Structure formats: structure tokens, C-alpha cells
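Open the model in your viewer and keep the selection panel at hand.

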Amino acid sequence: MLCTRLTNARFLTMDPDHPVAHDLGIWQGRIVGLDEAVTSLPAREVIDLQGATVLPGFIDAHVHLAWTGFKENTPSIAGCTRVEDVLAVVEEAVIRKSTPGAWVSIAGYDQRALGRHLTAAELDTVSHGHKLFLLHDSGHGCVVNSAVLDLLPEDLSRDGGFLAEGAMGAARALRLPYSQRELAEAIGRAARTCLAEGVTACAEAGIGGTLVGHSPVELGAYQLAREEGLLPLRVQLMVSADRLHPLAAHEADGIPRSLDLGLRTGFGDDRLSVGALKIFTDGGMMARTAALSSPYEGLDHAGQLQDDPDLLADTIVDGHLAGWQLAVHAIGDRAADIALDALERAQRLRPRPGARHRIEHAGLIRPDQLPRFARLGVSAVVQPNFLRYFGDDYAAIMGEERAPWLYRGRAFLDQGITLVGSSDRPVTDGSPLRAIQFMVERASESGQVIGPDEAVTVDEALRAYTVAGAFACHWDDRLGSLTPGKFADLVVLGDDPRRVDPSLIGDIEVVATYVDGRWTGKAAS
């Protein structure tokens, strides 16, 4: 007997052997059959989906759940375009802090809205003895007041109060990490937001590290969230590479650096597991710290690397030798060169054709770099919504020649490179449907078309958020398509993305999500 049979729906299975179905059978959390294989079987529950369209649950291959959850509960200056308005929001948040000298966090900082960076001196006027930390929306910088600057080494680059990349990490390290309880609750808030948008599995893009981690014991917070029922979707955890350290391992093990106990990609189970090693090579375009091979349009610099290029390359090689899948953050084309060179060296030293290494973002990829991606079997994990929301700005700072190379789609597919969809939530909107719409239209919110030759079909965009996402996370044997034997993770939509006008895809209602064949409830509006 089936546990559940879903009927009267249009199942877009993403399985070429059975692309469309009308019935789907579930037993103990797995899909056991489609159409005639299950229509005559008895079931404890038969659910009439009333003509809805059903897809495999969306997989977001690059998110930040804890950051998302904290941002939802943090005072924000998003939308403020005047310095005085920003300072008013900050002062209000400071006044609500009763502990003298406490840290006050503010979200939503983006210098582009103000036309310049805030300064520590300006923040000092409203700090009232507190330590202020305004996180840049990109996650690659912050603005702090003098009370924080006074605690940092004198030789640290501080630019009037703006701290980028490693300097920001030094400021974060001054604070006591979040507790596991705080982390678990933030993770739970973010997970519910993901489910509401049809995401049933995701890869958390960095825990435990200086730049994006929130605690040295962050993995334990995910375990706590799961134990207390706060983690209703599947999560794979990328570990920040700065957690690696030399180990006294046997020479034959070939492990130059590792986590304690030799932990690496693959540990865990189907609901919570350790995924790739996250390695940062550069910054971000919003903060103008993505490392380019030539300067930003209208600026006198080309961004920055996170460290000496040889040290970055050695970390990539050591991670590969230690058995990790690698997720290399490389937004600018110079950063991508370093990543590709190091991955090539690593595979030469110890061939691992099944490693499925990934380049996260791949924000600006030159035409000559595409064949190298393909030859190395590296996936491109892109964030289409970056161009949907920031495309006008990104196109302007790249200039006419480079703008068509931003967050490519078609060029990756034509080279046989796995194109993986993701959000980088909460840097921008996490909706897979709105990202899919952009991948097809290549149009920013203003209507500017950016790199029209990089447009893909609706089917190809859907694959990026299902089949390709599963492949990138080594989940393809259990997720990504509605195939018998795989987990019954589904998203129920109010319309068929392949049948509506592309301009309407982002507005399709997410009716419900199923994880392990269990209905998680009506999606939030």
C-alpha cells in the first residue's frame, strides 16, 4: 500500500525517460512510481492537486541560512538614501540597547544608495558609547565606529571606518560568537522562508570561518536545529577553509591540512551533511572588491584578492589532496584564473575526476576561461538574481565589453559546463522562480537586457535549480528529479513555468512544498 498518491497534476519530472506524469506514488518518503505503475495501487491518502504543476523541490546550491535568519531580526537601513536618515535608524537601535558599551548590529548597508561610504566619525555622533557594526549587504565589508576601530591593529586598512574582507573579519572576531540557541533559531527562520519559495534542499555556503561563519561551534547549531524540529529541509554545510590546520597524519594518507579527525565532504546523512570546502579568493562586486584582470569602469583599481595568490592556490591544492570537494568563491575573472590554475595543478598531482569541484559565483568569466571550466569538469554555481536586482550597476562598472560576460548562462551550457542555480541568500532575493525568469529574459528590474546571448530556455533554467543543483551537491542519486527511488521532495506551483509568458514566471504561486513526501503546509504569501 502506498503512503500517498498525488493525482490530477502535471508532474514535470526532469527525467528524460518519463518527462511528464499525472500521478505519483509515495512510500516511506520516496517516490515509488508514476502514472499506471501507481494509479491502481491502494493508498492511505490520495491527494487531488486540482491541475497544479509539480516539479522536484528546488535546490539552492549556495545560501547563508544563519545570516538570513539574523538579518530578518536585525534593524535595517535598507532603502535609506540620505546619511541623516541612516544615522536616525542607527541611533534608534542604539537607544534600545540597555547594556552600556554593547555591540549594535545594523543590516542593509550599501554605499551605492548613499553615493559614498559612511564614516566612523559620523557613526560616533549617534553611538552613545556603544560599538557599532553595519554589515555591507554583500557580506564583504562593514562600517564601524571609533569604539571598534580603537580595538583593531593600527596597520589594518580602515578607510575612514569602512573595513573590507580580512579587515572586516578582524572586527567580527572581536565579538563573542552567537550562541548555539541563537543560531538554531535563526537557521529555523531562514529555513521556513526557503520552503515558502519552493526550496527543499540547500547548501550553506560557509560555516565556522572568519568571513561568513558565526561561531567555531556552528555545525553543532545545525545539529541542535535538526534535533528540535527547526530544520524542515535538507542542508549541506560547506566548511570555511580557514578551519583547516596541519595534522600529524601518515604520509601515505596524503593529507597536508584537514579538520580534526580527518572530517571531509560526505559525512552526515540525507538531512544534514558536510559538503564542500569553501575557499574565498576575492570579494564582491557590490563592495568593488571582486578581483578583476583590469580596473572597474570609472575606478582606479581592480578589486582585491583575499590573500597572496600563491597561498590561495596552496589552500585549493591542499583541500583537493585531503579529499574535499571544493567550492571556490571566485567572482572576478582574475580570481577565476587563480582558481582554475590551482584546480588544474591539484588534479595533476592527484587525479580525482569525480570530485565535482565548483566555482561559486563565476560572476565575470572571459571567453578564454570557458574551455578551462569544461576541461576540468568544474561546475559554475551562479546567482541570476544578482543581475535581476543589481544588473544596471554591474553592467556600468564592467563597461560595454565585459558586461555580456556577467553571470553567464548559455556560454556555460554550450561548453558542456554544469550550470547550477543559487541565490546567495540573503545578499539578494532568494526566489528560484524569479531567478529562472531572469535566466530566460536576462532583464534587470529596470528592463535593461544584460548579455542577451547568455539567455537559456525555461527547461534549462529549471534544470539549473533541480538536476544540476543535485549534481553539484552529490545528491543526484536521491534528489533533483521525480524518479522512482528518489526522495519525494516536491514543489507544487499554481502554473506551469514552461507555458506562461516568461515575464510571468517569477509571479507563479508556490502552493506547497513536500519534503520526504510530507506536506510542509501552504506556502507563505
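Which residue in E5 does Leu24 stand opposite? Select Leu24 and Leu34: Leu24 stands opposite Leu34 in E5. Before going further, note that this is a predicted model, in which local features need pLDDT of at least 70, side-chain atom pairs count only at pLDDT 80 or more, and totals for chains, interfaces and linings use all residues. Residues are numbered from 1 along each chain as its sequence is written, and side-chain values use heavy atoms, with hydrogens and water left out.

**The sheet**

Select residues 24-27, strand E4, which pairs with E5 in the antiparallel sense over 4 bridges. Strands here are DSSP runs of E of at least two residues, helices are runs of H or I of at least four, and both are numbered from the N terminus; two strands pair if DSSP finds at least two bridges between them.

**The largest pocket**

Next, select Phe70, Ser105, Arg175, Tyr178 and His214, the closest to the centre of the largest pocket among its 44 lining residues. A pocket is an open set of points on a 1 Å grid over the protein atoms alone, where a 1.4 Å probe fits, with protein on both sides within 12 Å along at least five of seven lines; lining residues have an atom within 4 Å of a point. The space in this pocket is about 1200 Å³, a volume being the space filled by probe spheres set on the points, joined across faces, edges and corners. Strand E9 gives the largest share of the lining, 6 residues.

**The second largest pocket**

Move to Asp242, Phe280, Gln306, Asp307 and Leu312, which lie nearest the centre of a pocket lined by 16 residues. About 380 Å³ of space lies in this second largest pocket. Strand E17 (272-280) and helix H9 (309-321) each supply at least two residues of its lining.

**The cysteines**

Finally, select the cysteines: the whole structure has 0 disulfides, a disulfide being a pair of cysteine sulfur atoms within 2.5 Å. The sulfur of Cys80 is 18 Å from the closest cysteine sulfur, in Cys142, too far for a bond. Cys473 is in no disulfide either, with the nearest cysteine sulfur, that of Cys202, 8.7 Å away. Cys473 is buried at a relative accessible area of 1% (buried means under 20%, with a 1.4 Å probe and protein chains only).

Note on methods. Buried means under 20% relative accessible area, exposed over 50%, partly exposed in between (1.4 Å probe, protein chains only).
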